[in-house]
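This report describes selected features of one structural model. Please examine the sequence and the structure before reading on.

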Amino acid sequence: MAALDCSQDLAWLLQRNGQRLQAATDRTALAHGLTGGLRDYVILVLLEREQPKTQNELGHRAGVDKTTLMAVLDRMEREGLVERRLDPKNRRVRIPVATAKGQELLAAVTAARRAAEEVPGMTATELKTLRKLLIRLDEACEAAGLKFTGSCV
């Protein structure tokens with residue numbers, strides 16, 4: 001039986017390098033004062049860029065269960081990074097939003113994270129091409145019905 005060449009396994013390559021980038025982002029987020037590291041960063045990114053209308057939608061996009069999300073949002077709210085507003089259409093629903101402090105921290109971590117993505121040995125053009133291909137892969141997977149089911153944080 002021939003040994004499997006992992007360099008030909010796209011899932012393995014994505015997992016391996018995703019873990020590296022997640023770890024780098026976690027270190028950067030922690031260094032900038034995000035107590036929850038990568039998880040807090042992901043929550044703030046989603047709140048700012050996708051603006052989920054419910055906590056349930058936020059949890060789904062972040063890949064975290066309801067119990068974990070509530071604990072994270074409770075802590076981030078105590079730290080002044082997020083607030084939960086009542087939905088004017090349904091008072092039982094809370095809409096999470098980033099506060100000014102959360103937005104400031106997000107901007108600082110994002111700038112530092114981008115600097116960390118400048119991988120030695122890869123050109124800016126190669127990294128730009130990689131981003132475009134990963135976006136296309138994500139869109140193609142969504143279109144094919146390959147839904148996101150795991151935790152990203």
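In which helix does Asp-40 lie? The model is a predicted one, and in it Asp-40 is part of helix α2.

Asp-40 has a relative accessible area of 0%. Because the cut-off for a buried residue is under 20%, Asp-40 counts as buried. Apart from neighbours within four places in sequence, the residues in contact with Asp-40 are Leu-34, Thr-35, Val-72, Arg-75, Met-76 and Glu-79.

Asp-40 and Leu-30 are separated by 10 residues in sequence, and their C-alpha atoms are 9.3 Å apart.

## The largest nonpolar core

The largest nonpolar core comprises 23 residues. Those touching the most other members are Leu-34, Tyr-41, Ile-43, Leu-44, Leu-58, Met-76 and Val-82. Two or more residues of this core are given by each of α2, α3, α4 and α5, and the largest share, eight residues, is that of α2.

When residues up to four places away in sequence are not counted, Val-82 touches Leu-44, Leu-47, Leu-73, Met-76, Glu-77, Val-97, Ala-98 and Thr-99.

Helix α3 spans residues 55-62, and its buried residues are Gln-55, Leu-58, Gly-59 and Ala-62. Viewed down the axis of α3, these buried residues fall within an arc of 100°, so they line one face of the helix. In general, an α-helix has 3.6 residues a turn, so residues three or four places apart point the same way.

The cover over the buried residues of α3 includes α2 (38-49), α4 (66-78), β1 (82-87) and β2 (90-98). On the face turned away from the buried side, α3 carries the exposed residues Asn-56 and His-60. After α3 comes Gly-63, which has a positive phi near 75°.

Which residues make the nonpolar surface patch of about 530 Å²? The patch is formed by Leu-10, Leu-14, Val-119, Met-122, Leu-130, Leu-134 and Leu-137. Helices α1 (10-31) and α6 (124-143) each supply at least two of the patch residues, and α6 gives the most, with three.

Val-119, also part of the patch, is located in the loop between α5 (100-116) and α6. The relative accessibility of Val-119 is 34%, and therefore this residue counts as partly exposed.

Terms used:
Residues are numbered from 1 along each chain as its sequence is written. This is a predicted model: local features need pLDDT of at least 70, side-chain atom pairs count only at pLDDT 80 or more; totals for chains, interfaces and linings use all residues. Side-chain values use heavy atoms; hydrogens and water are left out. Patches are made of residues with over 30% relative accessible area and no salt bridge: like charges are joined within 9 Å, nonpolar side chains (Val, Leu, Ile, Met, Phe, Trp, Tyr) within 5 Å. Accessible areas come from the Shrake-Rupley method with a 1.4 Å probe; for residues, only the protein chains shown count as cover. A salt bridge is a side-chain nitrogen of Lys or Arg within 4 Å of a carboxyl oxygen of Asp or Glu. Helices (H or I, at least four residues) and strands (E, at least two) are DSSP runs, numbered from the N terminus. Buried means under 20% relative accessible area, exposed over 50%, partly exposed in between (1.4 Å probe, protein chains only). The arc is that of the directions from the helix axis to the C-beta atoms. Contact means heavy atoms within 4.5 Å. A nonpolar core is a set of buried Ala, Val, Leu, Ile, Met, Phe, Trp, Tyr and Cys residues joined through side-chain atoms within 4.5 Å.
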